Structures are given as structure tokens and as C-alpha cells.
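Please look through the model below before reading on. The dialogue that follows shows how its features may be read.

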Amino acid sequence: MDAIPYFIGKYNYWGCIFLFFLGMYAMISKTNLIKKIIGLNIFQTSIILFFISASFKHDATLPILMEEHKGAIDPVMYLNPLPHVLMLTAIVVAVATLGVALTLALKVYRIYGTLEEDEINHAIQSH
Amino acid sequence: MDPIMMEFSQHSPVLIVMAPFLLGMAAAAAGWANRKWAFPMAFLGLLSGLIAAIHMLIKTAKGEILVYHMAGWLPPFGIAYRIDTFSALILTAIMAVALINLVASRASAEKDFTEKAPAWYALYVFFVSGLAGMVATEDIFNLYVLLEIASLSAYALIGMGHNRAPFAALNYLLMGTIGASFYLMGVAYIYIATGSLNMTDIAVILQEMGPNPTITMAFALCMTGLLAKMAAFPVHGWLPNAYTFAPDATTNVMAALTTKVSIYIMIRLVLSLFPLSLAFDTGIIADAMVWLATIGIFAGAFMALAQKSFKRMLTYIVVVEVAYMVGGFWLGNRAGMTGAMLHILNDAAMTLCVFMAVANIRARRGADAFSDLKGLFQTMPFSMGALVISGLAIIGIPPTCGFFSKWYLISGGIEAGHWGFVIALLSASIINAILFFKVFEIAFFEVPAETFGQNSREHESDHHTHHGLPSLAMAEARISMLIPLIIMALTLLALGFMTGGIVNLFIDPAIPGQVL
């Protein structure tokens with residue numbers, strides 16, 4: 001197998017995988033809760049990008065019937081709309097998750113007066 | 001049957017999700033209009049879900065498999081819901097557990113959340129309808145959405161607790177989202193490889209396609225995600241804190257249902273989506289999972305031994321029970337799978353029962369450290385009676401349901417020659433016995449000091465001889481919490497007696513014929 005086309009030709013997927021692990025790294029190893037939540041968002045976005053880039057096709061257009069096409073419909077000319085529709089839902093889920101996460105972070109801040117995880121753990125242990 | 005009922009009965013696979021969901025919204029709306037309408041709305045939602053579930057249970061028992069096409073769109077283009085015997089059984093269990101806990105928790109919910117009680121009811125019903133949808137749906141992306149509906153409601157429900165609850169909920173959210181996202185990544189791989197989202201359709205395509213590295217990767221991603229969601233051993237970290245610090249009313253339903261539904265999804269994906277050969281032919285994946293479960297049983301049981309409060313100890317027992325089911329399923333033989341599937345049902349019932357008993361104790365005593373349990377057999381005889389029955393079920397003593405599923409699991413382990421798993425199951429029973437009898441001993445023999453002041457100290461020296469026990473006044477939990485608990489305790493016995501019928505009618509037909 002030729003290594004260079006393997007990496008260059010699928011750069012979009014490598015990008016998604018990079019974001020996937022970057023987000024997960026931030027969620028696991030950062031101690032600041034807001035940074036964790038940012039990591040969470042990067043993590044979810046990477047999957048959305050993965051779906052979208054998988055559905056991309058060169059020289060294809062939106063699956064909408066236009067006047068000028070006049071009845072001639074060739075499926076090769078159109079993008080598959082389903083991944084886009086799925087990701088629309090996934091974006092909604094991601095926004096909802098972000099909202100719940102920020103609300104919980106706010107509640108944590110009101111209780112402990114900090115968003116640093118080690119300080120919170122310290123407060124819990126000394127309590 | 002009159003025509004309106006006929007019309008409704010056709011739609012029961014979708015009504016089980018939509019009726020609770022819409023009435024949950026009504027419960028939330030009641031918060032703005034009149035708070036006392038919130039509970040009836042939530043109750044009605046779950047009741048209609050239960051009726052739909054029982055209706056499907058009766059239909060599937062006659063050998064029918066219910067397939068419902070959303071808005072009449074045929075799969076693979078439309079979303080389909082598919083109910084077989086086993087999913088109907090799990091749906092009934094979900095709705096019954098949720099309804100019983102809703103009734104039992106009403107008083108404590110109104111007291112704990114006051115003006116936020118309608119929001120709690122609404123989230124509770126959303127959570128349950130998400131779980132029901134996960135069980136009913138046949139579309140793998142729809143499954144992801146319903147998984148997130150259930151999870152987001154769960155994070156919020158836990159976050160409504162005090163003190164450490166929001167922090168525990170946030171950790172759960174991070175872990176749960178990693179799990180759900182791994183699953184979604186698995187869906188992406190499946191969709192890229194097959195171009196379909198419908199489980200039955202994908203299974204056919206994969207059969208024709210043969211072995212494929214993309215599908216192996218999808219399988220690994222889906223399983224990893226679900227393991228995180230079900231709190232299997234190395235990724236169980238979120239569960240004990242989240243369940244300990246959540247309000248009791250929330251913990252009861254969540255401990256009983258969340259992990260079990262994730263295990264159901266794992267079983268369904270392996271049995272009816274991925275080719276069975278992928279999961280079991282090489283033996284490497286299956287063996288690794290059984291060993292993981294074996295280690296998980298020991299780790300969870302020893303961590304349970306180290307706890308000082310009752311509710312927290314039980315959360316570790318939940319981790320142990322998850323390992324039973326994961327291990328039993330991955331044994332790959334009929335006995336092990338039957339045991340795992342039967343244990344989903346039995347564990348949902350006994351976990352609810354034991355957590356409800358602890359909730360009653362906590363409602364009366366205000367605490368649940370082992371030192372706070374003294375004299376409970378005298379002050380709360382009925383709650384303790386139910387606790388004893390659920391304790392026996394968790395240990396696995398014959399008349400209760402826990403014995404029968406454990407029997408299947410152990411015989412599956414022996415059949416597969418997985419002696420490590422068999423030893424783990426037996427040791428876990430012994431450790432569970434130690435855990436529960438420790439509680440029973442404290443509650444039976446020891447006398448609470450503060451109630452009797454000086455006098456009890458004289459008795460304490462000879463309380464082992466029994467006649468030194470002073471009689472305590474009864475202080476049972478309120479009747480609305482007690483009756484559901486007693487019903488659940490009797491259910492544990494009834495499920496034990498009905499084991500044969502349940503296995504023959506509902507579990508056996510759901511296991512594919514090539515599993516021996």
C-alpha cells in the first residue's frame with residue numbers, strides 16, 4: 001500500500017479523527033470544567049464533520065428539483081441528503097448537551113465557588 | 001373491540017413513546033398553570049405507556065412480531081419500530097417500574113422540589129419515554145436520539161439534587177456523552193459501509209457482504225460506547241457518585257432502568273444487527289468480555305464491602321449486577337444468554353425494590369449510614385421485610401427471582417467452561433450475603449442510642465441475649481411509599497414463580513436458533 005495517498009487522499013477523515021481525540025483528551029485531562037465542556041463540544045463536532053465529509057461528492061448538487069433540469073433526474077448528480085439531515089438532529093442534541101453541561105457547571109460554581117476540578121475535590125474531601 | 005380502540009391498538013408501538021412524551025410536556029405546562037395537575041399528567045402518561053406495553057406483551061406472546069412504520073414510510077427509508085417478545089417484556093418492565101416509583105415518590109418529590117416538582121415530573125416522564133423508545137426502535141440513528149433524550153433528562157434529574165449532586169451529574173454527562181458519541185461514530189461506520197440505518201435491513205446487507213474491517217470497527221465503537229453507558233467495570237466511575245447524590249426518587253428509577261436498557265441495546269445489536277459470527281466465531285471478543293465481567297464482579301463486590309453508607313453500597317452492587325449480565329451474555333450459549341436476558345427483568349425489579357426500601361429508611365431517619373440503621377426491624381417492620389426479600393433476591397436465594405437468573409448464568413458458565421466467571425458469580429453471592437446480613441444484624445440487634453439516652457447503655461451490654469431489647473415504637477414510612485414497596489417485594493416472589501413461563505414465552509423466541 002502506498003502510504004502517501006493513504007494519508008493525503010483521506011485528509012478529511014484524519015482531520016476528524018484528530019478532532020475526535022483532541023476533544024476526548026480535553027475532556028479527560030483538563031481540570032477546568034469549562035475547558036472540559038469545550039472539549040466535549042469539539043468531540044461532538046468531529047463526528048458531525050465525519051458524517052458530512054463522508055457524504056460529500058464531487059460535482060454533485062443539492063437534491064432539489066430545479067426548473068432547468070426539466071425532468072431529467074440522474075442520481076449521480078445529487079448529494080445524499082440523509083447524512084445532512086441526521087447531523088441536523090445531532091447538532092440539536094449537541095446544543096442541548098452543551099446547555100445542560102453549562103447549567104450544571106453554573107450550579108457547581110454556586111456551591112463550591114470555583115470551576116477547578118482539583119479545588120472542588122479538595123473542598124469535598126475537607127468537608 | 002370498538003373502532004376507536006382498534007385504531008389506538010394498531011399504534012401501540014409508537015404510543016408507548018409518544019403518549020408519555022406528550023403528557024410529560026403537559027406536566028411541565030401544568031407547572032405554569034396549576035401545580036397540582038402535574039402529577040396526574042405524569043401518572044396518565046406512564047399509565048398509557050403501561051397499557052400499550054401490556055397490550056403488546058399479549059400480542060407478541062401469541063407469536064406476532066409488531067412492526068410499525070412511522071408515517072407509513074417503509075424501511076429502509078422510513079423509521080420503523082419493531083417489537084418482539086423480549087422487547088415487549090422489557091417495555092412492560094420499564095413502564096411498570098417507572099409507574100410504581102412515580103406513585104411511591106410523589107410525597108418526597110413534592111417536598112424536595114416544591115415549585116420545581118412539575119419540572120421533575122416532566123423530566124422523569126421524558127427519561128422513561130426515551131428508554132422505551134430505545135427498546136422499541138429499529139433505526140440505529142433514532143436509537144441514538146432516544147438515548148440522548150433519556151440521558152439528558154437523566155443528567156438534569158440527578159442535577160436537581162443538593163450538595164455534590166450537580167458535580168456528579170456533570171461527570172456523568174461527560175462520561176455519558178463520550179459513550180453516546182462512540183456509539184454515533186459506530187453508526188457512521190455502519191452507514192458508510194451499508195447505506196442503511198434499519199437494523200433488519202443492515203443485517204441482510206452484512207450477511208451478503210461477508211467479513212469487512214469497517215464493520216468490525218463499527219462493532220468495536222458501538223460496544224465501547226454502550227459499555228460506558230451501562231457502567232461496565234473499567235468505565236463505571238460515573239455511576240456510584242451520580243446515584244448516591246441524586247435525590248432518592250430519581251435514584252430509584254435510574255438504578256433500576258438505565259443500565260438495564262443499555263444492556264438490552266447491546267444484546268439487540270449483537271443478536272439482530274451484527275452478524276453473530278463477528279461476535280462469537282473468533283472467541284477473542286467474547287472471551288475478553290467475559291473476563292472483563294469477571295474482574296468487574298470482583299472489583300464491584302470488594303468496593304461495595306468498603307462502603308459506609310447503605311445507598312452508596314447499593315450503587316456498587318448495581319455495578320456488580322451489570323457485570324453479571326455482560327458476562328452471561330458473552331458466554332455465547334443459550335443458557336448464559338437466557339440468564340442475562342432474564343436478569344435484565346429480575347434486576348430491574350429487585351434494584352427498584354431495594355432502593356425504594358432505602359428511600360423509605362432515608363425518609364424516616366434522614367440518613368443511611370450503617371450506624372443509623374439500628375433498631376429498624378422494630379420501628380419499620382414492613383419496609384425491612386421488603387428489604388429482606390430484595391436482599392435475598394440479590395444474593396440469589398431460591399423462592400425469589402434472583403435465584404433463577406443466577407442459576408441460568410452459572411449453568412451457562414459451566415457449559416462454556418468459563419470457571420473464572422462461575423467462581424466470580426458464586427463469590428459475589430457470598431459477598432452480597434455478607435453485605436446484607438451486616439445490615440440486617442445492625443437493624444435487628446442494635447438499639448439506637450439517641451432515642452433511649454442513658455437507659456439503652458445498660459441494655460447494650462446484654463443485647464445479644466435478646467431479652468435485653470427494649471421495644472421501640474413503630475415509625476413506618478408513609479402509606480403511599482409503603483404500599484408500592486410491598487407490591488414490589490411480592491413481585492420479586494411472583495417473578496420467581498413465573499420464571500418458566502417467562503423464559504418459554506418471551507426470552508426463548510428472541511434468541512436466534514443458531515445459538516445453542
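**Reading a two-chain model**

Q: How many residues of chain A are in contact with chain B?

A: Two residues are in contact if their C-beta atoms, placed from the backbone, lie within 7 Å. By this rule, 26 residues of chain A are in contact with 22 residues of chain B. The model is a predicted one, in which local features need pLDDT of at least 70, side-chain atom pairs count only at pLDDT 80 or more, and totals for chains, interfaces and linings use all residues. Residues are numbered from 1 along each chain as its sequence is written, while chains are lettered from A and ligands numbered from 1 in the order in which they are written.

Q: Which elements of chain A give two or more residues to the side that touches chain B?

A: Helices (H or I, at least four residues) and strands (E, at least two) are DSSP runs, numbered from the N terminus. The elements concerned are α2 (11-29), α3 (33-54), α4 (82-112) and α5 (117-126) of chain A. Of these, α4(A) gives the most, with 13 residues. For residue classes, Ala, Val, Leu, Ile, Met, Phe, Trp, Tyr, Cys and Pro count as nonpolar, Asp, Glu, Lys and Arg as charged, and the others, Gly among them, as polar. The side of chain A that touches chain B divides into 21 nonpolar, three polar and two charged residues.

Q: What is the secondary structure of chain A, and how spread out is the chain?

A: Chain A has five helices and zero strands, in the order α-α-α-α-α along the sequence. The radius of gyration is taken over C-alpha atoms, and the globule rule is 2.2 Å times the number of residues to the power 0.38. For the 127 residues of chain A the rule gives 14 Å, but the radius of gyration is 21 Å, well over that value, so chain A is more spread out than a compact globule. Its C-alpha atoms fill a box of roughly 75 × 40 × 15 Å along the principal axes.

Q: What percentage of the residues of chain A count as buried?

A: A residue is buried if 20 or more other C-beta atoms lie within 10 Å of its own, exposed if 12 or fewer, and partly exposed in between, with C-beta atoms placed from the backbone. In chain A, 24% of the 127 residues count as buried.

Q: Where does UniProt place the feature "transmembrane region" in chain A?

A: UniProt positions are given in the numbering used here, feature names are shortened, and annotations may be inferred rather than shown by experiment. The unreviewed UniProt entry places this feature at residues 12-28, 37-56 and 85-106 of chain A. In the model, residues 37-56 of chain A are 90% helix and 0% strand, with end C-alpha atoms 29 Å apart. Residues 85-106 of chain A are 100% helix and 0% strand, and their end C-alpha atoms are 32 Å apart.

Q: How does the radius of gyration of chain B stand against the globule rule?

A: Chain B has 516 residues, for which a compact globule would have a radius of gyration near 24 Å; the value for chain B is 23 Å, which agrees. Its secondary structure comes to 23 helices and two strands, and buried residues make up 58% of the chain.

Q: Which peptide bond in chain B is cis, and which residues have a positive phi?

A: Most residues other than glycine have a negative phi, and most peptide bonds are trans. A cis peptide bond joins B:Pro75 and B:Pro76, with omega about 10°. B:Pro76 is found in the loop between β1 (66-69) and β2 (80-83) of chain B. Positive phi values occur at B:Asn163, near 50°, and at B:Ala231, near 60°. B:Asn163 is exposed, with 12 other C-beta atoms within 10 Å, whereas B:Ala231 is buried, with 28.

Q: Where in chain B does pLDDT stay under 50?

A: The pLDDT is the predictor's confidence in each residue, from 0 to 100. Where pLDDT is low, the predicted coordinates should not be read in detail. Chain B averages 88, but pLDDT stays under 50 over residues 452-468 of chain B.
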